Structures are given as C-alpha cells and as structure tokens.
Amino acid sequence: MSRPEEASYVYAVCRPFDTATVNGLTGVGGHPVHFVVDADLAAAVSTVPLDEFDEQALHAKLEDLRWLEEVARAHHGVVDEVAARVVTVPLRLATVYRGDERVRQVLREHGEAFDASLRELLGRVELGVKVYADAGARAADPPVPAASVGESPGKAYLRKRRDQRNRRDDTWQKAVRLCDRVDEVLAGLASACARHQPQSAALSAAAGENVMNNAYLVDQERVADFFAAADELSSQAPEGTRVEVSGPWAPYSFANASATGVGP
Amino acid sequence: MSPDGPRNGADGLPAVDGFPGPPHSLTTMLDEDHPLANREISLVDLLDRVLAKGVVVTGDLTVSIADVDLVRISLRALVSSINEKVPSPWEHGHPLDGWIRQD
C-alpha cells in the first residue's frame with residue numbers, strides 16, 4: 001500500500017490558546033488546521049501531500065497565478081483567524097516541514113527568537129498606509145490656454161508638454177510633502193514603522209503611482225486614533241494625491257523585529 | 001510565561017466568550033460601517049505580505065519562496081494576467097521594478 005507522503009505546512013507561530021475557538025478552520029487546499037505545541041509556543045499547521053509542496057511542484061505552481069492566489073488567501077486566512085485570537089508571528093508563504101515532529105523541533109531551535117517576537121508583538125497589529133500620486137489625472141484638468149497667435153504647431157506641442165511636465169513635477173512635490181507629513185503623524189501613533197518598496201502601478205492596478213508603501217505596528221488601543229488620523233490626512237491630501245489605509249493585519253512586516261536568530 | 005488564553009485580556013485582543021461569536025478576523029476590530037470592514041483584500045496587498053514578509057524559517061523542502069527568481073516568475077505571471085485585462089495606462093508603470101525586494 002503506498003500512501004502519498006505527507007508534509008507539515010506551517011502558517012504561523014503563536015502562543016498556545018484554546019483551539020476549540022478555531023474548530024473547523026481549514027487552510028491551503030482545504031486541509032484542516034491543527035496546532036503543534038512546544039512549551040510556550042504553538043505552530044498553526046496543516047498536513048498536506050508532500051508532492052504538492054516539494055521543490056519541483058512549487059517551481060511549477062508559483063507561476064500559476066490562480067494557485068498562488070488560492071494559497072496566499074488560504075495562508076492569510078489562517079494567519080488572520082489565529083491573530084484575531086492570540087499574539088501571532090506569521091511565517092512566509094509555503095514554509096513546509098517533513099512532519100509535525102520537525103515542526104516541534106523548529107519551535108525548540110528558534111524558541112528564543114519566536115518568544116522575543118511574540119513579546120514585542122503582543123497587543124499590536126499592523127496597518128498598511130500607501131500614498132498615491134496621480135499626475136496624469138491632474139494634468140488633464142486645467143484648461144489649456146489658447147495657442148498664442150503665430151505659435152507654430154511644434155511650439156504649441158512643446159509648450160503643452162512642458163505644462164504637463166510642470167504640473168506633474170508639482171504633483172510629485174506635493175506627494176513628497178504629503179508622504180513626509182503622513183509618516184510624521186502616523187509614526188507618532190505607532191511603535192514601529194517598516195518602509196517598503198512602493199508597489200508597481202501595473203501590479204496594484206490602482207490609479208496613479210504608489211509613492212509610499214509603509215506598514216506601522218500599532219497598539220490595539222490606538223488603532224481607532226490611527227484610523228482617525230489617517231482619515232484626516234486623507235481628506236487633506238492635495239489634488240492628484242491620495243492616502244489609502246489597509247488592515248488591521250497580523251504583524252507580517254514586523255515578524256522579524258526581534259527574531260534575529262531566525263532567518264534564511 | 002503562561003499561555004495567552006483566549007479570555008486572557010492581557011494581550012489586548014477582544015475577549016472570546018463563545019457568544020455572540022468569536023472574532024473571525026482582525027478586521028472585525030473595526031466598526032461594521034468602517035470602509036475597511038468586510039472589504040476584500042487586494043491580491044497585490046496580500047502577496048506583498050505573504051510572499052515578501054513574514055518570518056523566513058528555512059523549511060525542509062527548501063524551495064525557497066524567498067528566492068527572488070521564483071517570486072519574480074510568479075509576479076511575471078501576475079503582471080501579464082493583469083495586463084491582459086487592463087492595459088497599463090501609466091507612463092511611469094514599471095512592472096516588477098520596485099516590487100521585488102532585494103532583502
């Protein structure tokens with residue numbers, strides 16, 4: 001009898017908690033989630049067929065957007081459910097071990113780092129803040145002054161381009177000042193900030209260019225204040241710019257904060 | 001350190017009393033009428049976090065999703081699938097640049 005080999009997919013490390021509250025929780029591939037506990041640490045785990053997550057399979061599947069989205073949403077779904085109940089360190093997508101015993105061993109090996117992270121993240125959530133600049137939308141707005149008498153089409157074209165460029169430069173400058181202001185205000189309400197690479201316009205499919213992509217680690221008691229401040233900043237954003245907030249997220253961007261012993 | 005039970009308010013999370021029901025996700029911290037409540041998370045925000053953030057512990061099946069090449073491949077798939085549907089109107093659009101982290 002050959003049974004397909006199994007592996008343990010780990011979503012997150014957390015403190016042990018009453019897992020009856022997440023009964024029936026499923027993760028990647030619809031596989032049920034269970035918890036591997038070692039002392040003060042627990043790992044949220046699904047038992048998955050090894051051949052779905054071995055190197056070969058992943059090489060092929062990561063190119064399949066539908067698969068990637070499914071796994072990403074399932075991974076996040078578990079992280080989010082657990083993080084809603086107990087302090088949680090999310091792991092990178094597709095962290096897979098050969099069985100629960102290996103997971104327990106990893107909890108033991110990296111125990112101190114996980115413990116330090118969990119202490120730091122206790123009672124805090126991540127909020128994402130992005131600033132967009134949409135110079136194109138704005139450039140179309142102002143009425144174009146009539147061509148001066150005798151202006152050649154070539155000159156008119158160049159003038160139009162120059163005006164557009166000036167408006168764009170102006171929008172960029174406003175966006176830069178907005179970013180500084182947003183970061184100054186919001187960092188004041190956060191216990192940590194991670195400044196990430198802006199998302200490419202093609203990927204985000206949002207209007208305009210993402211010029212700031214930050215994550216803030218915020219005490220739960222301050223989340224409402226943070227949102228209020230972000231709303232205020234958003235309402236004051238100059239024409240052609242805007243502020244977007246996402247979350248609360250499990251602390252994905254801060255999971256490594258203290259986990260210096262954990263890494264590739 | 002004792003385990004943080006779900007009723008343990010020490011972690012600052014909403015207490016779970018079984019009724020009217022445990023929180024389903026962190027966004028339930030928000031009022032129902034908050035614009036972010038119940039909003040589906042955009043794929044790019046999601047990938048931004050699950051692919052590029054989170055603790056990297058070396059797994060046994062060493063595929064490393066942290067491997068930039070692999071992520072780049074999947075992002076290429078993502079970009080082309082988006083571009084098929086929505087041609088990028090942005091002059092400054094630079095697929096992949098600026099998304100791939102060097103860390």
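**Close-up 1. Helix H5 of chain A and the residue that follows.** Just after H5(A), A:Gly123 takes a positive phi of about 75°, where helices (H or I, at least four residues) and strands (E, at least two) are DSSP runs numbered from the N terminus. This is a predicted model, in which local features need pLDDT of at least 70 and side-chain atom pairs count only at pLDDT 80 or more, whereas totals for chains, interfaces and linings use all residues. Residues are numbered from 1 along each chain as its sequence is written, and chains are lettered from A and ligands numbered from 1 in the order in which they are written. Helix H5 spans residues 111-121 of chain A, and its buried residues are A:Ala113, A:Phe114, A:Asp115, A:Ser117, A:Leu118 and A:Leu121. A residue is buried if 20 or more other C-beta atoms lie within 10 Å of its own, exposed if 12 or fewer, and partly exposed in between, with C-beta atoms placed from the backbone. The cover over the buried residues of H5(A) includes strand S1 (6-14), S3, S4, helix H4 (100-109) and S5 of chain A.

**Close-up 2. Strand S5 of chain A and its partner strands.** In strand S5 (residues 124-133) of chain A, 10 of 10 residues are buried. A:Arg124, A:Glu126, A:Gly128, A:Lys130 and A:Tyr132 point one way from the strand, while A:Val125, A:Leu127, A:Val129, A:Val131 and A:Ala133 point the other way. S5(A) pairs with strand S7 (residues 209-219) of chain A in the antiparallel sense over 10 bridges, two strands being paired if DSSP finds at least two bridges between them. Opposite A:Val129 stands A:Asn214 in S7(A). S5(A) also runs antiparallel to S8(A), to which seven bridges join it, and the bridge partner of A:Glu126 in S8(A) is A:Trp249.

Close-up 3. The peptide bond from A:Gly247 to A:Pro248 is cis, with omega near 0°, and A:Pro248 has its place in strand S8 (residues 241-249) of chain A. A:Ala94, although not a glycine, has a positive phi of about 60°; this alanine lies in strand S4 (residues 88-97) of chain A and is buried, with 26 other C-beta atoms within 10 Å. A:Ala39, likewise not a glycine, has a positive phi of about 50° and lies in the loop between strand S2 (33-38) and strand S3 (41-49) of chain A. A:Ala39 counts as partly exposed, with 13 C-beta neighbours inside 10 Å.

**Close-up 4. Helix H3 of chain A against helix H1 of chain B.** Helix H3 (residues 65-83) of chain A and helix H1 (residues 43-50) of chain B pack at an angle of about 70°, with their axes 10 Å apart; axes are lines fitted to C-alpha atoms, for helices over the stretch in contact, and angles run from 0 to 180 degrees between N-to-C directions. That angle makes H3(A) roughly perpendicular to H1(B), a term that covers 65 to 115 degrees. A:Glu69, A:Ala72, A:Arg73, A:His75 and A:His76 in H3(A) meet B:Leu43, B:Leu46, B:Leu47 and B:Val50 in H1(B), contact being counted if the C-beta atoms of two residues, placed from the backbone, lie within 7 Å. The residues of this contact divide into five nonpolar, two polar and two charged. Chain B has two helices and zero strands, and buried residues make up 26% of its 103 residues.

Note on methods. Angles under 35 degrees count as roughly parallel, over 145 as roughly antiparallel, 65 to 115 as roughly perpendicular and the rest as oblique. Ala, Val, Leu, Ile, Met, Phe, Trp, Tyr, Cys and Pro count as nonpolar, Asp, Glu, Lys and Arg as charged, and the others, Gly among them, as polar.
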